[in-house]
Amino acid sequence: MDTGSPTQVALTGVPVPGAGAEDVLVGPDSRVWTGTVDGAIIAVSPDGRHSERVVETGGRPLGPEWLPDGRLLVCDAVRGLLAVDVDGDGGVEELVTHVDGTAMLFTNNAAVAADGTVWFSDSSRRWGIDARKSDLVEHTRSGRLLRRDVDGTVSTVLDGVAFATGVALAKDESMVLVAELARRRIRRVRLSDGRPMAGHVVAEAGSEVEPGQDEVFVSDLPGYPDNISRGSDGLIWSAIASPPDPVLGLLQRGPQRLRDPALRLPEALKPSPQRTVRVTAHDDSGALVHDLSADATDWHMATGVREHDGRVWLGSLVEPAIARLDVPR
């Protein structure tokens with residue numbers, strides 16, 4: 001589903017007090033929330049002129065979402081799934097740190113159902129966020145889509161995901177989506193009463209997915225999808241972190257003897273994202289509605305995206321700023 005030439009739009013950077021504002025979330029008061037590499041949770045005023053460091057997680061906060069009790073759910077790449085009291089004493093509760101007795105290495109993104117059920121991704125069982133390039137080079141396919149029930153029970157919904165990143169729910173919660181970055185696609189699990197439909201079978205880690213286990217929502221995206229979210233317009237928005245890298249594609253398709261020398265390279269010499277700003281939006285059938293791009297000279301690598309009332313807020317894993325653009329009418 002390579003979309004061809006995107007629509008060019010103007011982008012405005014909004015500095016924040018910290019590097020790596022990876023994802024964004026719009027609150028009920030229209031403040032924009034993000035997390036930075038030093039562990040801070042930051043709130044930005046709706047006009048982008050003021051920002052405040054509200055609390056620190058002590059880890060590396062990534063995907064934020066709201067919980068029904070008003071706390072901020074944070075996917076912390078180091079600490080796991082957290083609930084943060086951003087309006088009170090700043091307390092941080094660990095919701096999930098281990099799955100099946102093993103510590104998570106790379107908690108990434110989440111979506112929260114109306115009843116408080118949390119669907120979240122664990123990008124890799126071999127490499128953490130600081131060695132994320134190694135997971136892509138090795139092509140471990142060890143990511144997971146996980147589910148935390150309101151009673152605290154955690155279960156694996158999809159295994160063997162090739163670098164699991166963004167998670168989103170349909171507006172009617174009839175399906176959950178997870179971005180599979182290394183395969184440039186988004187996968188879908190249809191739900192019945194908030195659970196995978198009868199007959200859904202979990203794929204084993206590292207295996208190819210057989211028909212009937214889950215479905216492809218969209219494929220052949222114009223780059224690597226990072227975080228995804230459902231906007232106020234009901235669409236599923238995807239942050240395209242980088243165009244496809246031909247060297248990385250060759251390594252992933254090739255034999256292990258090609259990947260082993262690349263794994264031994266310093267992180268700086270492994271395939272890296274190109275400077276780009278691009279986001280897409282699809283309806284619940286998977287049809288493309290928006291494909292937007294902006295000049296990447298001063299701000300690049302969109303890893304988080306959130307549409308709110310016609311404005312799209314962006315986060316970046318590498319920039320000390322978030323950004324915004326308007327949806328063309």
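This is a predicted model: local features need pLDDT of at least 70, side-chain atom pairs count only at pLDDT 80 or more; totals for chains, interfaces and linings use all residues.
Student: Why is Trp 33 called buried?
Tutor: Buried means under 20% relative accessible area. Trp 33 has 2% relative accessibility, so Trp 33 counts as buried.

Student: What makes Trp 33 and Trp 66 an aromatic pair, and why is the pair called edge-to-face?
Tutor: Rings pair if their centres lie within 6.5 Å, and planes over 60 degrees apart count as edge-to-face. Here the centres are 5.7 Å apart, with 85 degrees between the planes. Therefore Trp 33 and Trp 66 are an edge-to-face pair.

Student: Where in the chain do these two residues sit?
Tutor: Trp 33 is in strand 4 (residues 32-35), and Trp 66 is in strand 7. They are 33 residues apart, and the pair links distant parts of the chain.

Student: How do you know that Phe 106 and Phe 163 also pair edge-to-face?
Tutor: Use the cut-offs again: centres within 6.5 Å, planes over 60 degrees apart. The values are 5.6 Å centre to centre and 90 degrees between the planes, so the pair is edge-to-face. Phe 106 lies in the loop between strand 12 (102-103) and strand 13 (107-112). Phe 163 lies in the loop between strand 16 (154-161) and strand 17 (164-169), 57 residues from Phe 106. Both Phe 106 and Phe 163 are buried.

Student: Strand 7 came up with Trp 66. What makes strand 7 an edge strand?
Tutor: Four strands form an open antiparallel sheet in the order 7-8-9-10. Strand 7 (61-66) and strand 10 (92-96) are the edge strands, and each pairs on one side only. The twist averages 30 degrees from one strand to the next.

Student: How do you know that strand 9 and strand 10 pair?
Tutor: Two strands pair if there are at least two bridges between them. Strand 9 (residues 80-84) and strand 10 have four bridges, so they pair, in the antiparallel sense. Leu 82 has Glu 94 in strand 10 as its bridge partner.

Student: Which strands pair with strand 28?
Tutor: Strand 2 (residues 12-15) pairs with strand 28 over four bridges. Strand 27 (residues 311-316) also pairs with strand 28 over four bridges. Both pairings are antiparallel. Pro 15 has Ala 321 as its bridge partner, and Leu 314 stands opposite Ala 323. A hairpin of four residues joins strand 27 to strand 28.

Student: What makes strand 28 mostly covered?
Tutor: In strand 28 (residues 321-326), five of its six residues are buried.

Student: Why is Ala 131 called buried?
Tutor: The cut-off is under 20%. Ala 131 has 19% relative accessibility, so Ala 131 counts as buried. Ala 131 is in the loop between strand 14 (118-122) and helix 1.

Student: What does helix 1 supply to the second largest pocket?
Tutor: Helix 1 (residues 132-138) gives the largest share of the lining, four residues. The pocket has a volume of about 410 Å³. Its lining has 27 residues, and among the closest to its centre are Arg 132 and Leu 136. By class, the lining has 16 nonpolar, six polar and five charged residues.

Student: What lines the largest pocket?
Tutor: The largest pocket has a volume of about 490 Å³. Of its 23 lining residues, the closest to its centre include Leu 25, Glu 65 and Arg 306. Strand 7 is one of the strands that supply at least two residues each. The lining has eleven nonpolar, six polar and six charged residues.

Student: What makes Ser 30 and Asp 220 stand out?
Tutor: Most residues other than glycine have a negative phi. Ser 30 has a positive phi of about 75 degrees, and Asp 220 has a positive phi of about 50 degrees. Ser 30 is in the loop between strand 3 and strand 4. Asp 220 is in the loop between strand 21 (215-218) and strand 22.

Terms used:
Residues are numbered from 1 along each chain as its sequence is written. Side-chain values use heavy atoms; hydrogens and water are left out. Axes are lines fitted to C-alpha atoms, for helices over the stretch in contact, and angles run from 0 to 180 degrees between N-to-C directions. Rings of Phe, Tyr and Trp (its six-membered ring) pair if their centres lie within 6.5 Å; planes under 30 degrees apart count as stacked, over 60 as edge-to-face and the rest as tilted. Buried means under 20% relative accessible area, exposed over 50%, partly exposed in between (1.4 Å probe, protein chains only). On a 1 Å grid over the protein atoms alone, a cavity is a set of points where a 1.4 Å probe fits but cannot get out, and a pocket is an open set with protein on both sides within 12 Å along at least five of seven lines; lining residues have an atom within 4 Å of a point. Grid points are joined across faces, edges and corners, and a volume is the space filled by probe spheres set on the points. Ala, Val, Leu, Ile, Met, Phe, Trp, Tyr, Cys and Pro count as nonpolar, Asp, Glu, Lys and Arg as charged, and the others, Gly among them, as polar.
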